[in-house]
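This report describes the fold, the domains, the ligand surroundings and a few individual residues of one structure. The sequence and the coordinates come first.

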Amino acid sequence: ATPTAVMVGMSKAAQNGVIFKDGMSLEMLGKVKTIVFDKTGTLTSGKPTVTDVISLKQSMSGKIIGEDKVLEVAAIAEKNSEHPLAKSIVQYAINMKIQLGKSDSFFAVPGKGVRAVYDGNNILVGSPGFVQDEGINIESAQRISNQLQEKGKTVILVVWCETLIGLVALIDTPKSSARPAIQYLQKMGIKTVMLTGDNQSTAKFVADDIGIMTVFANVLPSAKSDVIQSLQKNGPVAMVGDGINDAPALTSADIGIAIGSGTDIALEAGNVILIRDDLMDVVSAIETSRKTVSKIK
Ligand code: ADP
Ligand code: MG
């Protein structure tokens with residue numbers, strides 16, 4: 001590797017919005033066999049929209065549990081969470097002019113949901129798997145949840161006083177650059193993979209939409225790097241991510257690519273930073289790397 005060729009490659013990449021933190025990363029990137037993409041905020045906009053609020057319980061201790069109550073309970077618990085799903089739920093509740101009280105305590109469970117106490121009552125808001133693991137009967141939500149998930153929506157169950165009272169569904173649309181970027185990478189002989197904490201049917205819907213064939217869903221933040229390691233058996237792996245949860249996977253991969261609009265922790269963990277929110281820049285970064293290395297030989 002002549003240092004000059006690497007310098008030229010790095011500065012050319014920078015002009016195109018791709019920052020390589022060091023020359024080694026530039027030389028490495030073109031050699032990857034697999035690129036793993038985080039779903040939320042990386043392949044999708046990361047700004048989910050609430051599409052459905054459903055009440056699953058007519059009444060509780062004489063009080064009517066309508067959609068407004070479901071949304072109120074969810075938003076009170078999510079108010080302290082930084083998660084994109086949480087922010088969307090809270091914003092939606094505010095738009096619906098729902099008054100949100102302050103919770104007495106709050107606890108986030110990464111990759112699962114949140115717990116809160118409000119007015120002396122326990123609230124649980126999160127994925128169906130999480131709620132079920134907490135010992136709540138989720139049978140009344142099963143059918144509708146499956147239907148919503150098959151349409152690519154993420155379903156968040158709402159539990160109040162140890163009772164499932166309803167659910168909120170959200171949709172997060174793919175970035176317009178996702179599909180073309182995936183098509184290009186596949187033509188370049190690179191295997192593309194989706195890695196997400198979201199459930200299998202939602203993940204599969206999004207993957208089909210953008211043309212990704214391999215999906216690892218229901219993966220907890222702590223297990224994301226294990227998936228990377230298993231894929232490394234087939235050669236070098238790059239990981240593209242944006243969130244706090246993605247940092248360990250970005251570090252485990254041979255090359256971590258962080259989306260510039262993502263969290264500081266992801267930016268720190270990445271070897272490469274994409275300044276723009278355009279997934280085609282992953283393609284151009286690989287092309288720059290390959291050209292640089294072929295000049296070196
Ligand atoms: P991803 O891998 O797509 O970035 P996460 O690992 O952050 O997703 O979360 C995985 C799943 O956990 C979400 O799809 C959601 O079901 C649930 N979850 C995580 N955080 C929250 C939260 N604050 N409120 C509700 N559900 C949550
Ligand atoms: Mg993400």
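## Overall fold

Helices (H or I, at least four residues) and strands (E, at least two) are taken as DSSP runs, numbered from the N terminus. On that basis the protein chain, which is a predicted model, has 13 helices and 15 strands. Its radius of gyration is 21 Å, close to the 19 Å that the globule rule gives for 297 residues, so the chain is as compact as a globular protein of that length. Along the principal axes, the C-alpha atoms fill a box of roughly 80 × 30 × 30 Å.

Of the 297 residues in the protein chain, 47% are buried.

## Domains and their contact

The domain assignment divides the protein chain into domain 1 (3-45 + 174-296) and domain 2 (49-171). The C-alpha centres of the two domains are 32 Å apart.

Where they meet, 13 residues of domain 1 are in contact with 11 residues of domain 2. On the domain 1 side, α3 and α9 (200-210) are the elements that give two or more residues, and α9 provides the largest share, four residues. By class, this side of domain 1 consists of four nonpolar, eight polar and one charged residue.

The shell has 23 residues, of which T40, H83, G111, S127 and G197 come nearest. At least two shell residues come from each of α3 (39-43), α5 (84-95), β7 (113-118), β8 (121-126) and β9 (154-160). The helix α3 also gives two or more residues to the side of domain 1 that touches domain 2. In composition, the shell around ligand 1 has 12 polar, six nonpolar and five charged residues.

## Nonpolar cores

The largest nonpolar core contains 50 residues, and the members that touch the most others are V36, M194, A238, M239, A253, I257 and V282. For A238, leaving out residues up to four places away in sequence, the contacts are L29, V32, I35, A253, D254, I255 and I257. Another core, of 38 residues, lies apart from the largest one, and its members include V53, A74, V155 and V158.

## A169 in strand β10

A169 is placed in strand β10 (residues 163-171). Is A169 buried or exposed? It has 22 C-beta neighbours inside 10 Å, and the threshold for a buried residue is 20 or more, so A169 counts as buried.

The C-alpha atom of A169 is 6.5 Å from that of V53, although the two residues are 116 residues apart along the chain. Beyond its neighbours within four places in sequence, A169 is in contact with T51, D52, L148, K153, T154 and V155.

## Positive phi outside glycine

S61 is not a glycine, yet it has a positive phi of about 35°. S61 belongs to the loop between β4 (59-60) and β5 (63-64), and with 6 C-beta neighbours inside 10 Å it counts as exposed.

E162, also not a glycine, has a positive phi of about 65°. E162 is in the loop between β9 and β10. It has 12 C-beta neighbours inside 10 Å and therefore counts as exposed.

Conventions
Residues numbered from 1 in each chain as written. Chains lettered and ligands numbered in written order. Predicted model: local features only at pLDDT ≥ 70, side-chain atom pairs only at ≥ 80, totals over all residues. Near = placed C-beta within 6 Å. Nonpolar A, V, L, I, M, F, W, Y, C, P; charged D, E, K, R; others polar. Core = buried A, V, L, I, M, F, W, Y, C linked by C-beta atoms within 7 Å. Contact = placed C-beta atoms within 7 Å. Domains from an automatic or database assignment. Rg over C-alpha atoms; globule rule 2.2 N^0.38 Å.
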